[in-house]
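Please read the sequence and the 3D model below side by side.

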Amino acid sequence: MAKEKLVFYCKECGFESAKWQGQCPGCKAWNTFVEEKIKVGVQKSSVKRDAVTPTSILDVVTEDEKRIKTNISELDRVLGGGIVPGSLVLVGGDPGIGKSTILLQMCRNLTAAGEAVLYVSGEESLAQIKMRAKRLGGFEHDMLLLCDNDMDNVSSAISKGNARVVIIDSIQTMIVDEVGTAPGTVTQVREVTARLMQLAKQNNIAIFIVGHVTKEGNVAGPRTLEHMVDSVLYFEGDGSNGFRLLRGVKNRFGSTNEIGVFCMTDKGLTEVKNPSEFMLSGRPKGVPGSVIVSSIEGSRTILMELQALVCQTNFNMPRRTSVGVDYNRVNLILAVLEKRAGMNFWNQDIYVSIAGGIRINDPAVDLGIACAVVSSFKNKPLGDNLMIIGEVGLTGEIRGVSNVMQRVKEAAKMGYDRCIIPASNYDKSMEQLGISIEPVSFLSDALVLI
Ligand code: TYD
Ligand code: MG
């Protein structure tokens with residue numbers, strides 16, 4: 001008889017501990033430990049490994065890897081040029097963000113290209129999937145559906161069938177009986193993933209796993225699996241507007257930090273070919289506190305509108321709020337403005353936000369934040385056709401940033417006519433882009449120009 005043992009797991013990162021802890025030593029998250037009973041004495045993972053002797057690297061033959069195109073070019077880009085056979089891909093994101101939708105659209109395209117596809121759902125019924133397919137439209141070729149959450153049945157369906165791409169929707173609903181814990185617990189999720197990994201490698205099929213990111217409840221998040229799978233894609237975006245970003249955070253077969261940009265419509269997710277145009281549509285003209293900044297996302301530059309609002313406070317403590325940019329970064333820039341440009345913000349509430357619900361970590365937006373704040377403070381609009389790039393240092397110097405040429409080109413393409421850039425990034429060839437380049441070395445130089 002196998003004995004049972006109590007183990008505590010962090011549901012964010014999967015850290016294992018013999019006792020409960022308030023803060024996870026692994027990921028530093030609070031209150032994330034959950035208790036699970038595991039059986040000791042039984043084989044921990046049923047996955048058998050057969051490679052026993054080491055192989056010389058010279059003897060390993062590689063074929064030119066053939067990728068399967070999904071014909072959703074934003075998705076192909078994030079995957080690094082298409083689906084690699086034999087790979088395990090995790091698609092994470094909040095519930096309702098569009099994971100099932102994009103994967104069903106992918107299946108539709110794959111079947112149209114003659115690939116055999118199996119869609120396993122532990123969440124929805126056959127009728128629900130069919131209804132979604134009807135809504136998306138264009139399902140003219142056959143595709144196999146399986147509504148089951150028992151891993152034994154799913155495994156045998158995968159190994160007996162001839163599907164080259166399999167979708168598991170979602171990992172949190174799948175269950176391996178022998179593990180003995182509820183679906184969605186850390187031990188279950190890990191065991192299911194280990195089995196899927198073995199199936200993918202042995203049969204050379206690509207498997208996509210859907211994982212919900214959940215803050216509450218005893219469901220293990222996809223973070224616990226990140227290290228087990230080949231690629232990890234996360235869906236981002238706020239529910240209110242249709243804008244969705246698919247971000248590659250890990251990719252064993254391509255570059256990471258690539259993003260795919262989509263818009264949720266009544267016919268599923270459509271690709272956004274020109275994200276800058278999408279982000280800047282509806283920008284108000286001639287108003288104080290609005291500025292164009294740029295962020296490098298993977299191989300692309302996206303121009304965005306950054307807004308600041310400065311207004312007199314009615315309390316002892318002025319408010320500082322930031323949406324889409326780092327709060328501490330905003331405070332740092334305000335301190336530099338106070339010290340180096342002689343501004344007084346002690347009685348001013350300040351709000352800074354990126355329009356469109358996107359988050360950026362690019363330091364190149366610093367100078368944009370400073371200029372937008374000054375513009376709103378003085379109630380003086382910045383030019384409508386001006387883009388600002390540069391990192392602000394503590395002494396008020398403007399530091400160089402990456403890929404300036406690419407950013408300036410994008411601004412020229414979008415029809416802007418002025419661009420303030422760090423002096424250290426200045427290059428004569430930029431003058432030929434048909435946009436006026438204004439290099440600055442100090443914050444005070446930039447404030448003179450706006
Ligand atoms: P879904 O793909 O089911 O989310 P997930 O699998 O990540 O939980 O997306 C569901 C949401 O998308 C739901 O709120 C309805 C919306 N939606 C559309 O707006 N248009 C569509 O064509 C489809 C299929 C869904
Ligand atoms: Mg779903």
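In strand 2, E16 is the bridge partner of Y9. Strands here are DSSP runs of E with at least two residues, helices are runs of H or I with at least four, and both are numbered from the N terminus.

This is a predicted model, in which local features need pLDDT of at least 70, side-chain atom pairs count only at pLDDT 80 or more, and totals for chains, interfaces and linings use all residues. Residues are numbered from 1 along each chain as its sequence is written, chains are lettered from A and ligands numbered from 1 in the order in which they are written, and side-chain values use heavy atoms, with hydrogens and water left out.

**The three-stranded sheet**

Strand 1 covers residues 3–10 and pairs with strand 2 through two bridges, in the antiparallel sense. Two strands count as paired if DSSP finds at least two bridges between them. The whole sheet is open, has three strands in the order 2-1-3, and pairs in antiparallel fashion. Strand 2 (16–17) and strand 3 (33–40) are its edges; each has a single partner strand, so one side of each has no neighbour in the sheet. Helix 5 (residues 186–203) packs on this sheet and touches strand 1 and strand 3. Contact means heavy atoms within 4.5 Å. The direction of helix 5 makes about 90° with that of strand 1. Such angles run from 0 to 180 degrees between N-to-C directions, with axes fitted to C-alpha atoms, for helices over the stretch in contact.

Another open sheet has nine strands, ordered 6-5-7-8-4-9-10-11-12, with mixed pairing. Its edges are strand 6 (144–147) and strand 12 (268–271); each has a single partner strand, so one side of each lacks a neighbour in the sheet. From one strand to the next, the twist averages 25°. Strand 4 (residues 88–93) and strand 9 (residues 231–236) run parallel, joined by four bridges. Within strand 9, Y234 is the bridge partner of G92. Helix 3 lies across strand 5 (117–121), strand 6 and strand 12, at about 140° to strand 6.

**Around ligand 1**

Which residues come nearest to ligand 1? They are G96, S100, T101, T265 and G268, out of 16 residues around it. A residue is near if one of its heavy atoms lies within 4 Å.

| Residue | Protein atom | Distance to an oxygen atom of ligand 1 |
|---|---|---|
| S100 | side-chain N or O | 2.6 Å |
| T101 | side-chain N or O | 2.6 Å |
| G268 | backbone N or O | 2.7 Å |

The protein covers 76% of the 560 Å² of accessible area that ligand 1 has on its own. That area comes from the Shrake-Rupley method with a 1.4 Å probe. Helix 2 (99–112), helix 3 (126–136) and strand 11 (259–265) each supply at least two shell residues. Helix 2 gives the largest share, three residues.

**Two backbone spots**

Most residues other than glycine have a negative phi, and most peptide bonds are trans. K28 is not a glycine, yet its phi is positive, about 65°. K28 sits in the loop between strand 2 and strand 3. The peptide bond from D169 to S170 is cis, with omega near 0°. S170 belongs to the loop between strand 7 (165–169) and helix 5.

Terms used. A polar contact is a pair of N or O atoms within 3.5 Å; within protein, one must be able to donate a hydrogen and the other to accept it, and residues adjacent in sequence count only if both atoms are side-chain atoms.
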